[in-house]
Amino acid sequence: AVQWLGSARTAASKLYGDMDLRTIDCLSDLAIAEAQAGNLDASERHRRDIVAATEATWGEDSPGLAIALDNLGAILQRQGGAARLAEAVALAERAYTIN
């Protein structure tokens, strides 16, 4: 799944650009597959890209950004460690404020 979703994300990026919702959705699906495959570092990188693209596209107070922040926080929680957990809490607080 990771390979196919990576190819889909590359194709969407070429067709629509990195900031298009279809490309962001492909990247989100890829991040989910990476997490399920145990590659949390790659999933985290992609979740950070999703947060940046969502914020740039829809603004800093969009419901989509709140979801992206929560998803990044979930990956950070799975990775564990004090710094990652503290960041996850900050992301959750920001998402809560948006909502």
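Student: What does the charged end of R22 sit over?
Tutor: The ring of Y16, with 3.6 Å to the ring centre. A charge counts as over a ring if NZ of Lys or CZ of Arg is within 6 Å of the ring centre and within 35 degrees of the ring normal. This is a predicted model, where local features need pLDDT of at least 70, side-chain atom pairs count only at pLDDT 80 or more, and totals for chains, interfaces and linings use all residues. Residues are numbered from 1 along each chain as its sequence is written, and side-chain values use heavy atoms, leaving out hydrogens and water.

Student: What phi does G17 take?
Tutor: A positive one, about 95°, just after α1. Helices here are DSSP runs (H or I, at least four residues), numbered from the N terminus.

Student: Switching topic: at what angle do α3 and α4 cross?
Tutor: Roughly 160°, and the axes of α3 (residues 40-58) and α4 (residues 63-79) come within 9 Å. Axes are lines fitted to C-alpha atoms over the stretch in contact, with angles from 0 to 180 degrees between N-to-C directions. That makes the two helices, α3 and α4, roughly antiparallel (over 145 degrees).

Student: Left-handed or right-handed?
Tutor: The α3 and α4 crossing is left-handed, meaning the near helix is turned anticlockwise from the far one by less than a right angle.

Student: And how far apart are the axes of α4 and α5?
Tutor: 8 Å, at an angle of about 160°; α5 covers residues 82-98. α4 and α5 are therefore roughly antiparallel too, and α4 passes α5 in a left-handed crossing.

Student: Which residues in α4 meet α5?
Tutor: Among them are P63, L65, A66 and L69. Contact means heavy atoms within 4.5 Å.

Definitions and conventions
Parallel < 35°, antiparallel > 145°, perpendicular 65-115°, else oblique.
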